[in-house]
Amino acid sequence: TAAPATTAVRVNQLGYLPDGPKRATVVTTATQSLTWRLRDASGKVVASGATVPRGADTPSGQAVHLADFSSYRRSGSGYVLAVDDSGSVPFDIRANLYDGLRSDAMAFFHHQRSGVPLATSLVGSAYARPAGHLGVAPNKGDTSVPCQATVCDYTQDVRGGWYDAGDHGKYVVNGGISTWLVVNSFERAKRAGKDAALGDSTLRIPERGNDTPDVLDEARWELDFLMRMQVPAGKPYAGMAFHKVHDAAWTGMPMRPDQDAEVRELHRPSTAATLNLAAAAAQCARVFRPYDAAFADRCLSVARRAWTAARANPALYAPDSDSTGGGAYGDSQVTDEFYWAAAELYATTGEGGYRDAVTGSTWHTSPTAFSAYGFGWADTAALGRLTLATVPGGLPAADRDRIRASVTAAADGYLSRMAAQRYAVPVPADGYFWGSNGQVAGDAIVLAVAGELTGKERYRTGALETMDYLLGRNALGQSYITGYGETSSRNQHHRFWAHQLDASLPHPPAGSLAGGPNSGLQDPVAEEKLKGCAPAACYIDDIGSYSTNEVAINWNAPLAWLAAYAAERTTT
Ligand code: 9MR
């Protein structure tokens, strides 16, 4: 006789919303439907039903069943979903499920701040640290950073901003999209009349109590840095943005930011960085206006100058090869960045010149503005579409309806992919690349906006199910968010949160998202330990695996967006 089927029950390890979808994926070789039982904390069975065999899941190679207990809506903690002899990890059902993650995922950015000390009173003693990169020895920068040889002959003050990830680089391309997502989370919540939860004194940041929404205060820390990266008037490439600032050579691990002794360098301006600056600064001018008109004016003038400079230098590409001491963020396709920046400038100003740049772009009608792989730092046309679909503006009604339809069509694509892949994950089977969890969270944003545009519940359901994926309903039964879930990532690649290397250092703070499965195996740990992995299982919670397990601002930004959305109470 065959050995009994082994069963594993994968759930959202944090739990489920009372009014949200509640589904689990059951890994089992059983071919017949099985009985699932939902037990409360006392062990009593409160609901039961039959699993639905779904066959093999391509990205994970696992045979699975689905268990759907969405009709159970009673709040509580310590629930366990049991199938055969196997039980899930315990989880909650409650309306305030995502309140903690909403602030923790956003607090990530404060932790990543450069150029300011992190105070014990705000972050706790384990995470407190001196300011990094203010020119205090052994730091060499960032108050007076020389250009790389051959780039220019002056220094620039580029202090502040957020460190990109586990390294101490600051990259305008990735900073721009991350800032845009943080500010967009506020702009979206405000449209829904739910921005109070992101308002003043909702985060533990130094600007608490200044009458400005904390989420915008956090974004401003990066906006000020991004604007410092603009080439000054009178210099070659005036108005463009330097592509990035980082160490001249890769530093070792661990390394607290204030102890980095490496030379810092400004790298040549690029069209992509300039357009990221234009887009983020134009959005800033629109969203910050009610809170600080002078800052909004400054953002707008930076955005206009950046746009003009990018038009004058439309093909100054950052090369993929420039990856010594920092990431390359190379991009030689910037028509999508032009489209995104034009959309932001148009939404903010309503001016005909920017409108013509929007409607004249091939991305305005391209069916691939929403790629099956999701948007990202190199693929930004979707961000322009999201703005044009949601911010009131002067596009002709038919054009605007077409843009809106493109958002819902993209969302429907994600939904059908989620349905086809047993783990309700919107990325395609060949889409598990570096930062796949960031793609997943980004796709959820498109789903949520489609829900806003149509009022259809299926999009909210989909957005919430991507959260299930990130929090443990996945091939590895792994919650990729530190501090959330029984088996959550806590050894992400980071120079300061390097507990795995030095027990006196902390793990990443709660709310830190790991990059996630990457079938490319692009680091030595992944190459050694993950050989032969199924794409959705190419992940290891090891600090050395930077290609599967780093943190990054462009991944935590969509997570923070999604957590704020999921935390909102529905009126029904
Ligand atoms: O997220 C980036 C990913 O898309 C690239 O494939 C990868 C290699 O170039 O770089 C990733 O970004 C890293 C950056 O280069 C340096 N800081 C850490 C970033 C996250 O791993």
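The model is a predicted one, in which local features need pLDDT of at least 70, side-chain atom pairs count only at pLDDT 80 or more, and totals for chains, interfaces and linings use all residues. Residues are numbered from 1 along each chain as its sequence is written.

The protein divides into domain 1 (7–93) and domain 2 (99–478 + 550–567), with bounds that come from an automatic or database domain assignment. Taken over C-alpha atoms, the centres of domain 1 and domain 2 are 36 Å apart. Where the two meet, 20 residues of domain 1 are in contact with 17 residues of domain 2, contact being C-beta atoms, placed from the backbone, within 7 Å.

Helix 3 covers residues 172–191; helices (H or I, at least four residues) are DSSP runs, numbered from the N terminus. Of its 20 residues, 17 are buried, so helix 3 is largely enclosed by the rest of the structure. Buried here means that 20 or more other C-beta atoms, placed from the backbone, lie within 10 Å of the residue's own. Just after helix 3 comes Gly193, with a positive phi of about 70°.

Which residues are around the ligand? They are Asp164, Ala165, Asp167, Gly169, Gly327, Ala328, Trp434, Gly435, Tyr546, Glu550 and Ala552, each with its C-beta atom, placed from the backbone, within 6 Å of the molecule. This shell comprises five nonpolar, three polar and three charged residues, where Ala, Val, Leu, Ile, Met, Phe, Trp, Tyr, Cys and Pro count as nonpolar, Asp, Glu, Lys and Arg as charged, and the others, Gly among them, as polar.

Conventions:
Helices (H or I, at least four residues) and strands (E, at least two) are DSSP runs, numbered from the N terminus. The expected span of a helix is 1.5 Å times one less than its number of residues. A residue is buried if 20 or more other C-beta atoms lie within 10 Å of its own, exposed if 12 or fewer, and partly exposed in between; C-beta atoms are placed from the backbone.
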